[in-house]
Amino acid sequence: MFKLLGAFCILGSCGYIGVRISSIYKKRTEIFRFLQNGLTLLETEISYCSTPLPLALERVGKKINKDCQPLFVRAAAVLKENKGVTAAEAWQAGVEALGHEVPLTKEEKELLFIFGHGLGGSAKEEQVKNIALTQKQLNVLEKAAEEEQARNQKMWQYLSFSIGAVIVLILI
Amino acid sequence: MAKVIINREINKESNEVLSGIATFPLKVSSLTWFQALSPHLQELVIDGLQSFMSEIEEIRLRVKRPIIFRVGDREMTVTAQKEFTLQLEQGYIITREEMERTVQILSQNSLYAWEDEFKNGYLTIPGGHRIGLVGRGILEQGEIKTLKDLSGINYRIGRQILGCADEVLPYLVKKEQAYHTLIISPPQCGKTTLLRDVIRQISEGIPELLFPGMNVGLVDERSEIAGMYQGEPQFQVGLRTDVLDACPKAQGMMMLVRSMSPGLIATDEIGKKEDIEALYNALQAGVKVITTVHGSGFEEIKERRNIQSLINWRFFERIIVLSRREGVGTIETIIDGKTLERLR
């Protein structure tokens with residue numbers, strides 16, 4: 001009886017770990033998709049409303065999917081609280097905050113940092129161009145993350161379950 | 001985090017500084033210009049110029065040249081060691097980096113949001129202070145598109161002196177009507193400050209003169225009178241005042257007459273031909289006008305091409321001349337525009 005219960009526990013927890021790992025892949029895909037939406041919102045704030053950056057980022061942060069929120073909310077907070085901080089530095093802090101939520105590769109972070117360097121420091125047309133370019137690149141990342149998800153999601157689910165089963169078999 | 005704490009300490013100190021000086025009522029919120037300086041310049045001001053904090057009228061930053069503060073008629077500076085001095089050449093030298101950081105703070109890292117302001121060469125910050133800018137112009141089809149490589153910034157610190165118009169108001173209103181008024185003044189003599197207080201009192205009503213108050217339309221072409229920042233006037237301009245911010249005077253006056261039915265239209269620094277036409281139009285709509293003009297005296301203004309016709313036509317019923325003779329805002333004389341007699 002206890003053996004059976006133990007076996008279920010091991011299988012269950014291994015399976016859960018697998019699901020958690022595979023969900024990260026899904027989250028990454030979503031993040032890249034929603035970031036593109038977020039940049040569209042930012043573009044509206046910049047080009048139609050001429051909203052200054054701290055307020056614009058805050059507004060986008062309120063509207064956007066909650067997984068992407070840390071990026072915009074943190075960047076806005078850094079800009080508001082610290083005098084003399086550059087938009088690039090604030091955006092970088094936002095990217096780091098996002099990195100705590102989902103794992104980002106060095107290249108992905110780099111891409112977002114580069115976007116930050118162009119943020120705020122030029123006329124509207126240039127801002128719009130910078131946003132459009134980054135959106136394109138995010139789209140590529142989204143596609144890559146999608147493929148990764150298709151490849152790895154199932155694998156992790158099966159693998160974790162199988163490992164669980166192996167452990168149970170060994171213990172029995 | 002450290003920066004936040006510094007800011008808080010500075011706020012506390014400036015409170016103390018202000019409470020020590022009782023020349024005219026000042027609130028801490030009137031130190032908003034201070035928040036628009038870079039942290040390093042804030043330190044310089046706090047350490048070197050603490051006792052002048054409430055009297056600074058202008059701060060000039062020029063790349064590779066010393067920072068200069070104007071207090072009344074005097075110019076002063078602060079050395080890199082944060083010491084006060086009147087020897088301007090010993091002052092702290094503004095670096096290009098310092099300049100760029102200041103622009104970032106002024107624009108909130110959002111140059112795109114101030115395109116028009118850069119084109120015009122000035123912007124208004126919270127508190128209604130005006131920041132003048134110079135640099136290298138970028139042209140598009142012969143017109144200035146924007147400025148780059150900013151080389152000079154001038155903080156013009158706006159002050160509101162409630163009640164500074166008390167002396168002139170008895171001459172400007174009669175029963176329930178205001179007179180067409182022209183304020184003549186050289187630069188830096190408190191022309192805008194006086195106009196602002198006249199507007200506020202006429203808008204709110206003056207119990208001592210049994211004047212009930214009337215709707216005032218204010219065309220604030222350079223965002224100087226009301227100091228509009230994101231839709232909120234930063235100075236008290238009265239509860240019956242509608243502000244048309246950053247609009248050309250002539251167009252703005254006509255817009256106000258049509259849209260808000262004001263009893264009085266106020267505007268700053270007329271002089272162009274179309275301004276004069278707009279004044280005539282306002283007159284025909286039965287609206288009173290109060291405005292200002294740059295000039296050292298009535299005699300000089302009489303010679304000006306566009307203003308001349310208004311004076312000869314006896315458009316203005318009251319003409320106030322300001323000077324700096326006994327300090328900023330000295331009322332030199334008040335003239336009845338119809339009879340050209342001195343009333344004061």
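**Entry 1: the cavity**

By cavity I mean a set of points, on a 1 Å grid over the protein atoms alone, where a 1.4 Å probe fits but cannot get out. The largest cavity holds about 40 Å³, where a volume is the space filled by probe spheres set on the points, and grid points are joined across faces, edges and corners. I listed its lining: V219(B), D220(B), E221(B), R222(B), E224(B), K249(B) and D268(B). Lining residues have an atom within 4 Å of a point. By class, I got 1 nonpolar, no polar and 6 charged residues there. Asp, Glu, Lys and Arg count as charged, while Ala, Val, Leu, Ile, Met, Phe, Trp, Tyr, Cys and Pro count as nonpolar, and the others, Gly among them, as polar.

**Entry 2: a note on the model**

This is a predicted model, and local features need pLDDT of at least 70, side-chain atom pairs count only at pLDDT 80 or more, and totals for chains, interfaces and linings use all residues. Residues are numbered from 1 along each chain as its sequence is written, chains are lettered from A and ligands numbered from 1 in the order in which they are written, and side-chain values use heavy atoms, with hydrogens and water left out.

**Entry 3: the pockets**

Next I turned to pockets (open sets of points with protein on both sides within 12 Å along at least five of seven lines). The largest pocket contains about 1000 Å³ of space. I counted 42 lining residues, and E57(B), R159(B), G190(B), T193(B) and V328(B) are the closest to its centre. In chain B, β1 (56–62), β2 (68–71), β7 (143–156) and α7 (191–204) each give at least two residues to this lining. Helices (H or I, at least four residues) and strands (E, at least two) are DSSP runs, numbered from the N terminus. The largest share, 5 residues, is from α7(B).

**Entry 4: salt bridges**

I then checked salt bridges (a side-chain nitrogen of Lys or Arg within 4 Å of a carboxyl oxygen of Asp or Glu). Over all chains there are 34. Which residues make up a linked network of salt bridges? I noted E57(B), E58(B), R60(B), R70(B), D73(B) and R324(B).

In E97(B) and R101(B), the closest N and O atoms are 2.9 Å apart. The two residues sit 4 apart in helix α4 of chain B, so about one helical turn separates them. E97(B) is exposed at 52% relative accessibility, and R101(B) is partly exposed at 26%. For these words, buried means under 20% relative accessible area, exposed over 50%, and partly exposed in between (1.4 Å probe, protein chains only).

My last pair was R318(B) and D336(B), a salt bridge with its closest N and O atoms 3.5 Å apart. R318(B) belongs to strand β15 (residues 318–323) and D336(B) to strand β16 (residues 330–336) of chain B, so the pair ties together parts 18 residues apart in sequence. Are these two buried or exposed? R318(B) is buried at 11%, and D336(B) is buried at 14%.
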